[in-house]
Amino acid sequence: MNTDSQEIEKKYFSISEVANMFQVKPSLIRFWESEFDMLHPAKNKKGERRFTQRDIEDLRLIYHLVKEKGFTLEGAKEHLRLEAQSTREKLALIHTLSELKELLVYLRDTIKD
């Protein structure tokens, strides 16, 4: 099996890795876990949280609503209760467009040189 050309995807992330992804403190991740029913990271034998890709997607959604859109915690909970799937789709589209923009900027800069 040739792993050079295959991307190996990590299955679990520590709370510090997740906090770094969002540039927040681990305590905020723990707080959101206690506030939002959708967050259920697995814990290992030591009690350390292990976040899956799905957990990170849920955190990205919460981060978007609370930090980027300015929702209160209660407002974010209500929004997720009513429109979670729609918001997930919009956030995925925003992410795809951001990646496309990065690619286009890279190509533009490469052509200039």
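**Aromatic pairs in the predicted model**

W32 is buried, with a relative accessible area of 1%; buried means under 20% relative accessible area, exposed over 50%, and partly exposed in between (1.4 Å probe, protein chains only). The structure is a predicted model, in which local features need pLDDT of at least 70 and side-chain atom pairs count only at pLDDT 80 or more, while totals for chains, interfaces and linings use all residues. Residues are numbered from 1 along each chain as its sequence is written, and side-chain values use heavy atoms, with hydrogens and water left out.

Rings of Phe, Tyr and Trp (its six-membered ring) pair if their centres lie within 6.5 Å; planes under 30 degrees apart count as stacked, over 60 as edge-to-face and the rest as tilted. By this rule there are two aromatic pairs. The ring centres of F22 and Y63 are 5.5 Å apart and the planes stand at 40°, so this pair is tilted. F22 belongs to helix α1 (residues 15-22) and Y63 to helix α3 (residues 53-68), so the pair ties together parts 41 residues apart in sequence. Helices (H or I, at least four residues) are DSSP runs, numbered from the N terminus. F22 counts as buried at 8% relative accessibility, whereas Y63, at 21%, counts as partly exposed.

W32 and Y63 form an edge-to-face pair, with 6.5 Å from centre to centre and 70° between the planes. W32 lies in helix α2 (residues 26-35) and Y63 in helix α3, so this pair ties together parts 31 residues apart in sequence.

Terms used: Helix = DSSP H or I, 4+ residues; strand = E, 2+ residues; numbered from the N terminus.
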